[in-house]
Amino acid sequence: TVTSFAIRGAENGTTITVPNGGTLYKMFAGFEFMKTCDLTGLISHDAVSMESMFDGCRAMTDIKVPATFEAPMSASFANMFRGCEKLTAADLSAGLAVDSASGAKGATLEGMFDGCRSLKSVLFADSFTGNEPTTTKNMFRSCSLMETAHLSGLVMANVTDMTSMFEGANTLASLTLPANMATPKCSDVTA
């Protein structure tokens, strides 16, 4: 049973580089007893997917991401933290990004934090570099303790589906959206 995992970075002599076209798909999915994960030494700019990376890590309370946690064009972050029931905060301000040099458009954020019942705050970078997601459906569904969501860096122009984005996030008191919030292609914005 894995309860802790770390790739701490070059300063500690440990890095892992995802090969070109490689994936982080379901890398830790189902590690239900893992409480902490330190990925500060992960070099992910060539990963094509981070989908379901921590899906079902029910005991995880702490996640540390690298300064540049990025993926190339059309990357999927769908269900990345789905079911991380004990995660209380997600600070992705240091670097969740899509490689802007690739002209990335079309990443999905569907269900990214779905079912994170203890999640109180989410902080994205002010510039979610290069990313223009097409869906944010169920992104924060069932985040029943969420109080703060800082999403000002998201470019929402290509979002076509926002269905249930905040469904069940009944304690949300502070929501920071992009200054020029526009969703001209979106056909569903139901709660």
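**Entry 1: the four-stranded sheet**

I began with the open sheet of four strands, which runs in the order S7-S9-S10-S11 with parallel pairing. For pairing I used the DSSP rule that two strands need at least two bridges between them. The strands themselves are DSSP runs (E, at least two residues), numbered from the N terminus. S7 and S11 are the edge strands, and each pairs on one side only. Averaged over neighbouring strands of this sheet, the turn is 5°, direction ignored. I took such angles between axes, which are lines fitted to C-alpha atoms, with N-to-C directions compared on a range from 0 to 180 degrees.

This is a predicted model, so I kept its rules at hand: local features need pLDDT of at least 70, side-chain atom pairs count only at pLDDT 80 or more, and totals for chains, interfaces and linings use all residues. Residues are numbered from 1 along each chain as its sequence is written, and side-chain values use heavy atoms, with hydrogens and water left out.

**Entry 2: pairing inside that sheet**

I then went strand by strand. S7 and S9 pair in the parallel sense over four bridges, and leucine 92 has phenylalanine 124 in S9 as its bridge partner. S9 and S10 are parallel too, over three bridges; here serine 121 stands opposite threonine 148 in S10.

**Entry 3: the nonpolar core**

Next I looked up the largest nonpolar core, which has 44 residues. The term covers buried Ala, Val, Leu, Ile, Met, Phe, Trp, Tyr and Cys residues joined through side-chain atoms within 4.5 Å. Phe54, Phe81, Met112, Phe113 and Phe140 have the most contacts inside this core. Strand S7 (89-92) and strand S9 (121-124) are the elements that give two or more residues to it.

Setting aside neighbours within four places in sequence, phenylalanine 113 is in contact (heavy atoms within 4.5 Å) with residues including Ala90, Leu92, Val122 and Phe124. Phe81, Met139 and Phe140 are also among them.

**Entry 4: aromatic pairs**

How many aromatic pairs does a search of the whole structure find? I got six. My criterion was ring centres of Phe, Tyr and Trp (its six-membered ring) within 6.5 Å; planes under 30 degrees apart count as stacked, over 60 as edge-to-face and the rest as tilted.

The rings of phenylalanine 28 and phenylalanine 31 are edge-to-face, because their planes stand at 90° with the centres 5.6 Å apart. Phenylalanine 28 is buried at a relative accessible area of 2%, whereas phenylalanine 31 is partly exposed at 30%.

Phenylalanine 113 and phenylalanine 140 make a stacked pair, 5.6 Å centre to centre and 5° between the planes. Phenylalanine 113 is in the loop between strand S8 (96-98) and S9, and phenylalanine 140 in the loop between S9 and strand S10 (148-150), so this pair ties together parts 27 residues apart in sequence. Phenylalanine 140 is buried, at 0% relative accessibility.

Ring pairs join Phe28, Phe31, Phe54, Phe81, Phe113, Phe140 and Phe166 into a cluster. Of these I checked phenylalanine 166, which sits in the loop between S10 and strand S11 (174-176) and is partly exposed at 21%.

**Entry 5: a buried threonine**

I also stopped at threonine 136, in the loop between S9 and S10. Threonine 136 is buried, with a relative accessible area of 0%. Beyond its neighbours within four places in sequence, threonine 136 contacts Leu109, Met156, Val159, Asp161, Met162 and Met165.

**Entry 6: the three-stranded sheet**

The other sheet I looked up is open, with three strands in the order S1-S3-S5 and parallel pairing. Strand S1 (4-6) and strand S5 (62-64) are its edges, each pairing on one side only. The twist averages 5° from one strand to the next. Strand S3 (residues 36-38) and S5 pair over three bridges, and threonine 36 has aspartate 62 in S5 as bridge partner.

**Entry 7: confidence**

Last, I looked up pLDDT, the predictor's confidence in each residue, from 0 to 100. The protein's mean is 80, and 79% of its residues reach 70 or more. Confidence is highest in S10, at a mean of 92, and lowest in S8, at 58. Where pLDDT is low, the predicted coordinates should not be read in detail.

Conventions:
Buried means under 20% relative accessible area, exposed over 50%, partly exposed in between (1.4 Å probe, protein chains only).
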